[in-house]
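The sequence and model are shown first.

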Amino acid sequence: AWYKNQPNGGVYAGNVFYKYKGDIPENTSFVIKEGTVSISPDAFIKENRRIDYGLVAVAIPNSVEIIGEYAFSGCSVLDSIHIPEGVSEIGERTFENCLALRSVVLPQSITNIRRNAFVGCTTLGTIDIPEGVKSIEEGTFGNCTSLASITIPNSVMTIEFGAFSNTAYYNDAKNWDKGVLYISNCLIEAKTSIAGDYNIKPDTRVIADYALSGCSNLTSVTF
């Protein structure tokens with residue numbers, strides 16, 4: 001009953017941005033008010049879960065510490081996002097199918113990027129993952145078909161399956177060395193056609209989950 005009685009627009013519950021109620025008008029630049037500490041899951045998802053064509057920009061104050069899963073999912077004309085220092089995690093599918101998202105600034109405070117966080121962001125061309133991130137989960141940047149420049153810091157310890165699948169970097173044959181794809185000093189995936197003996201590059205820090213899965217013609221792998 002409480003939410004039903006709220007007017008259309010940004011709805012807050014104390015210092016939490018709870019939901020954008022109603023349809024977002026075209027060409028909306030929305031400012032989340034100072035002092036907000038959390039953006040709830042599904043905050044900008046349309047209530048019928050259809051694609052949103054209104055939100056082009058959002059200003060997130062430095063007070064925000066948590067951005068919930070699916071918060072901006074389907075915001076198809078959102079152009080760029082600056083996530084403030086203090087946010088430690090990008091939740092599951094937070095920016096899923098933000099088709100116009102071309103620029104993302106991640107803070108040094110981020111430690112985890114959850115499953116499918118940026119999946120389907122087809123305009124995103126560059127991502128610099130900040131030092132301090134420890135894990136990149138399944139499908140995080142999957143189907144980001146324009147993503148050609150990726151930097152993975154030395155702090156990353158785990159890369160899950162499909163984190164960079166069907167990106168521009170992944171699809172560029174020049175980035176595959178004898179059937180094996182590396183990003184920074186991380187082994188991401190090997191083509192199932194590789195055979196014989198394979199020597200992993202000596203500076204390799206991380207081997208992504210299932211990176212050598214299906215390579216039935218490999219006879220040995222040397223670390």
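## Cavities and core

The second largest cavity is lined by Tyr-20, Gly-22, Ile-24, Phe-44, Ile-45 and Lys-46. The model is a predicted one. By class, this lining consists of 4 nonpolar, 1 polar and 1 charged residues.

In total, the structure holds 2 cavities of 30 Å³ or more. For the largest cavity, 13 residues form the lining, and those nearest its centre are Phe-161, Gly-162, Ala-163, Ile-188 and Glu-189. The table lists volume and lining class for both cavities.

| Cavity | Volume | Lining by class |
|---|---|---|
| Largest | about 70 Å³ | 8 nonpolar, 2 polar and 3 charged residues |

Nonpolar side chains tend to be buried together in soluble globular proteins. Here the largest nonpolar core has 65 residues, and the members touching the most others are Phe-44, Phe-72, Phe-118, Ile-152, Ile-159 and Phe-164. At least two residues of this core come from each of strand S2 (16–21), strand S5 (55–59), helix H1 (168–171), strand S16 (180–183) and strand S17 (186–190). Phe-44, one of the core members named above, also belongs to the lining of the second largest cavity.

Which residues does Phe-72 touch, not counting those up to four places away in sequence? Its contacts are Ile-39, Phe-44, Leu-55, Val-58, Ile-60, Ile-67, Leu-78, Thr-94, Phe-95, Glu-96 and Cys-98.

Conventions
Residues numbered from 1 in each chain as written. Predicted model: local features only at pLDDT ≥ 70, side-chain atom pairs only at ≥ 80, totals over all residues. Heavy atoms only, no water. 1 Å grid on protein atoms, 1.4 Å probe; cavity = no way out; pocket = protein on both sides within 12 Å on 5 of 7 lines; lining within 4 Å. Points joined across faces, edges and corners; volume = space filled by probe spheres on them. Nonpolar A, V, L, I, M, F, W, Y, C, P; charged D, E, K, R; others polar. Core = buried A, V, L, I, M, F, W, Y, C linked by side-chain atoms within 4.5 Å. Buried < 20%, exposed > 50% of the residue type's maximum accessible area, 1.4 Å probe, protein only. Helix = DSSP H or I, 4+ residues; strand = E, 2+ residues; numbered from the N terminus. Contact = heavy atoms within 4.5 Å.
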